[in-house]
Amino acid sequence: MADWLRDRAEDELTARSGSLPGIDVVFAQNDAMAYGAWRAFQAAGRTGIKLIGIDGLPGPMGGIDLVRKGILAATFTCPTGGKEAVAYAVDLLSKKEGIPKKIYLRPRMVTAESLKEGTPASTTAPAARAPLGRPIVLGFSQVGSESEWRVANTKSIKNAAAKAGIQLLFEDGRQRQENQIAAIRSFIERKVDIIAFSPVVESGWDEVLREAKDAGIPVILSDRAVDVKDDTLWLSFMGSDFLEEGRRAARWLVEALKGEVSVHIVELQGTIGSAPAIDRRIGFEEVIRDYPQFKIVASESGDFFKDQGYEVMKRILASGLPRVDALFAHNDDMAIGAIQALEEAGLKPGTEVKIVSIDAAHGAFMAMLAGKLNCTVECNPLLGPQLMKAIQDYMAGTDLPIRMITSEGVYTAENARRDMKGREY
Ligand code: GYE
């Protein structure tokens with residue numbers, strides 16, 4: 001422990017230099033302590049140890065200078081956020097739309113090689129990028145129209161583009177990755193200014209995103225994330241924290257059934273391989289892990305569709321499960337389909353079988369009012385204003401955060417009538 005201080009790190013390591021084993025690498029949680037470690041090793045004649053720090057500040061003996069001098073092997077910038085805080089404060093005061101709830105700024109790795117390549121080690125905003133004398137042209141590739149959420153998301157994107165004066169080329173992927181890849185290639189051919197898309201699944205995008213980057217067209221991820229090796233292939237992600245949505249669903253269920261000796265849960269997963277399905281499951285399991293009486297006894301994908309939620313639930317109920325105490329559905333549409341299957345099987349959704357789902361779409365509120373669904377965790381589809389503001393900011397020369405998270409709530413049957421007033425979806 002060195003309390004972020006260079007001298008404390010140097011003193012600690014000097015005091016222990018006789019008892020330290022062979023060391024190849026030291027990771028310090030800031031550059032100052034990494035530098036203190038270097039001074040201690042130099043004094044003890046211990047060379048060849050690689051030192052890695054964090055902060056990457058400019059200026060003499062800042063992390064970047066320490067890398068340039070060969071003292072650190074690498075550092076990672078930790079943007080201070082000051083510039084962004086002031087900019088968003090001004091936006092709030094001027095009542096701008098599309099201001100995210102939480103942002104994560106992009107760290108950059110600084111090494112001797114990256115300094116030679118001229119990789120910008122700080123996030124100084126480049127000059128304005130806006131096309132001269134014509135509207136910005138945005139190519140948007142949508143997943144499809146599988147759910148209430150998706151329909152609301154598409155409407156939000158189209159309305160916000162029109163309001164912002166951004167020319168929108170909109171392609172519906174009809175749930176197939178190959179359609180989305182073809183759409184992105186068509187946007188590249190048409191030389192759009194920027195591409196945004198909601199990837200139907202996380203993997204398989206490296207090649208087409210490399211083509212967009214090589215064409216000099218930035219890509220924003222809307223709603224869902226991608227799993228690519230090189231995270232410079234995309235500019236920014238905006239959407240929800242799916243891990244937290246899964247945790248919130250589990251926390252509600254644990255609270256609702258904490259007195260039970262054992263709780264058998266059926267899980268209806270979203271599209272296999274999609275970011276929301278992967279992360280919602282992880283988040284849900286992270287919470288129930290601490291409550292061994294809560295067990296997922298059956299789990300299958302309904303692909304976010306209502307009719308598949310019905311079919312899968314019907315099949316699970318016919319599979320001879322001893323009983324079902326709860327349903328966790330990755331979206332409201334599948335929950336609503338499952339409600340019909342539960343009723344056809346003579347069960348009482350909302351009472352005998354507690355149901356928690358995700359999205360907080362209109363259908364979920366109607367099911368809660370009917371006493372057939374107990375809780376829905378909000379996943380905000382109204383990303384249009386946020387996306388268009390991010391595009392306009394980027395075109396004006398602003399560096400975008402690496403992640404922009406929307407604000408969301410949790411809604412229960414008890415307050416459904418009050419909470420549904422004024423909702424847009
Ligand atoms: O939960 C579901 C939609 O990607 C967050 O996709 C979105 C999910 C949403 O089909 O209803």
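Q: How many residues surround the ligand, and which are the closest?
A: A residue counts as near when one of its heavy atoms lies within 4 Å of the molecule. Here 13 residues surround the ligand, and the closest are E146, D223, R224, R280 and D359. Keep in mind that this is a predicted model, where local features need pLDDT of at least 70, side-chain atom pairs count only at pLDDT 80 or more, and totals for chains, interfaces and linings use all residues. Numbering runs from 1 along each chain as its sequence is written, and side-chain values use heavy atoms, leaving out hydrogens and water.

Q: By class, what does the shell around the ligand have?
A: Ala, Val, Leu, Ile, Met, Phe, Trp, Tyr, Cys and Pro go down as nonpolar, Asp, Glu, Lys and Arg as charged, and the others, Gly among them, as polar. On that scheme the shell has 6 charged, 5 nonpolar and 2 polar residues.

Q: Which polar side-chain atoms lie at what distance from an oxygen atom of the ligand?
A: A polar contact is a pair of N or O atoms within 3.5 Å. S147 has a polar side-chain atom 2.9 Å from a ligand oxygen, R280 has one at 2.9 Å too, and for R150 the figure is 3.1 Å.

Q: How much of the ligand's exposed area does the protein bury?
A: Accessible areas come from the Shrake-Rupley method with a 1.4 Å probe. Taken alone, the ligand exposes 300 Å², and the protein buries 100% of that.

Methods
Polar contact = N/O pair within 3.5 Å; in protein donor to acceptor, adjacent residues only side chain to side chain.
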